[in-house]
Amino acid sequence: MNTINKTMKKTIQLITISTLLSQSMAVSANTDINPEHKGRNDYFAKSYQPLCNLPTKAIATASTLEEASQQEFILNKELGLSTQLNSQGEAYIQLAIKEWNEKFIVGVTPKTHVSMAGADIQGADIVNLQCAEQSQYLTHLNTHEWGSYTLKLTGKPNQLVKVQITTTAQ
């Protein structure tokens, strides 16, 4: 009788532990996805998907805002670059914007902040759920005029960063 009680007690403990573990895993899975990110990913899926596999070209970017104007990249439909941030954790990329009211999405390596003087930020640090590894953060930018704009990247000193940009009509 004593053996049966011990066996039942261990069985109940195992069931309780497995129930707690499954509830814990369900909670952590649900809290990992920000509802706003999910909504944006659903709405912009066609724009986000190509960013996952957009090829990048390795470049040396400007370390200061003043140097950025010496190397300008024309933003047509897509642009993919990979670079290294400077010892202060910054890089500057000058973009030639050819259209009025240009809307585009910048995908970067996680924990990299994106800013652009003269442009409106319509959303930032959005996890790209369209990518298998979810290793890309997105920022929506909108410029109101054509011209040159400098994209500033901020992160850890000497961090390697991918920058993948696509224009969007949405």
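Is Phe44 buried or exposed? Phe44 is buried, with a relative accessible area of 12%. Buried here means under 20% relative accessible area, exposed means over 50%, and partly exposed covers the range in between (1.4 Å probe, protein chains only).

The structure is a predicted model, in which local features need pLDDT of at least 70 and side-chain atom pairs count only at pLDDT 80 or more, while totals for chains, interfaces and linings use all residues. Residues are numbered from 1 along each chain as its sequence is written, and side-chain values use heavy atoms, with hydrogens and water left out.

The protein contains 4 helices and 10 strands. Both are DSSP runs numbered from the N terminus: helices are H or I with at least four residues, strands are E with at least two. From the N terminus, the order of elements is α-α-α-β-α-β-β-β-β-β-β-β-β-β. Of the 170 residues in the protein, 39% are buried. The exposed surface comes to about 10,300 Å², and carbon and sulfur atoms supply 55% of it. Accessible areas follow the Shrake-Rupley method with a 1.4 Å probe; for residues, only the protein chains shown count as cover. Contacts (heavy atoms within 4.5 Å) were also examined by sequence separation. Among those between residues at least 6 apart in sequence, 77% join residues at least 24 apart.

Phe44 takes part in ring pairing. Rings of Phe, Tyr and Trp (its six-membered ring) pair if their centres lie within 6.5 Å; planes under 30 degrees apart count as stacked, over 60 as edge-to-face, and the rest as tilted. The count is 2 aromatic pairs. Tyr43 and Phe44 form an edge-to-face pair, with 4.9 Å between centres and 85° between planes. The rings of Phe44 and Tyr48 are stacked, because their planes lie at 15°, with the centres 5.8 Å apart. Tyr43 is exposed, at 56% relative accessible area. Phe44 is buried at 12%. Tyr48 is buried at 0%.

Leu51 lies in helix 3. Leu51 is buried, with 0% relative accessibility. Beyond its neighbours within four places in sequence, Leu51 is in contact with Ile105, Asn128, Gln136, Leu138, Gln164, Ile165 and Thr166. The C-alpha atoms of Leu51 and Gly107 are 6.8 Å apart in space, although the two residues are 56 apart in sequence.

The structure holds 1 disulfide (a pair of cysteine sulfur atoms within 2.5 Å). Cys52 is joined to Cys131, with an S to S distance of 2.1 Å. The link between Cys52 and Cys131 is left-handed, at -100° about the S-S bond. Cys52 lies in helix 3 (residues 45-52) and Cys131 in the loop between strand 7 (119-127) and strand 8 (137-143), so the pair ties together parts that are 79 residues apart in sequence. Cys52 is partly exposed, at 22% relative accessibility. Cys131 is buried, at 10%.

Charged side chains were then considered. A salt bridge is a side-chain nitrogen of Lys or Arg within 4 Å of a carboxyl oxygen of Asp or Glu. The count comes to 3 salt bridges. One of them joins Arg40 to Glu36, at 3.5 Å from N to O. Arg40 and Glu36 both lie in helix 2 (residues 35-43) and are 4 residues apart, about one turn of the helix. Arg40 is buried, with a relative accessible area of 18%.

Another salt bridge links Lys38 and Asp42, whose closest N and O atoms are 2.9 Å apart. Lys38 and Asp42 are separated by about one helical turn, because they are 4 residues apart in helix 2. Lys38 is partly exposed, at 40% relative accessible area.

Glu90 and Lys152 also form a salt bridge, with closest N and O atoms 3.6 Å apart. Glu90 lies in strand 4 (residues 90-97) and Lys152 in strand 9 (residues 147-154), so this pair ties together parts that are 62 residues apart in sequence. Lys152 is partly exposed, at 26% relative accessibility.
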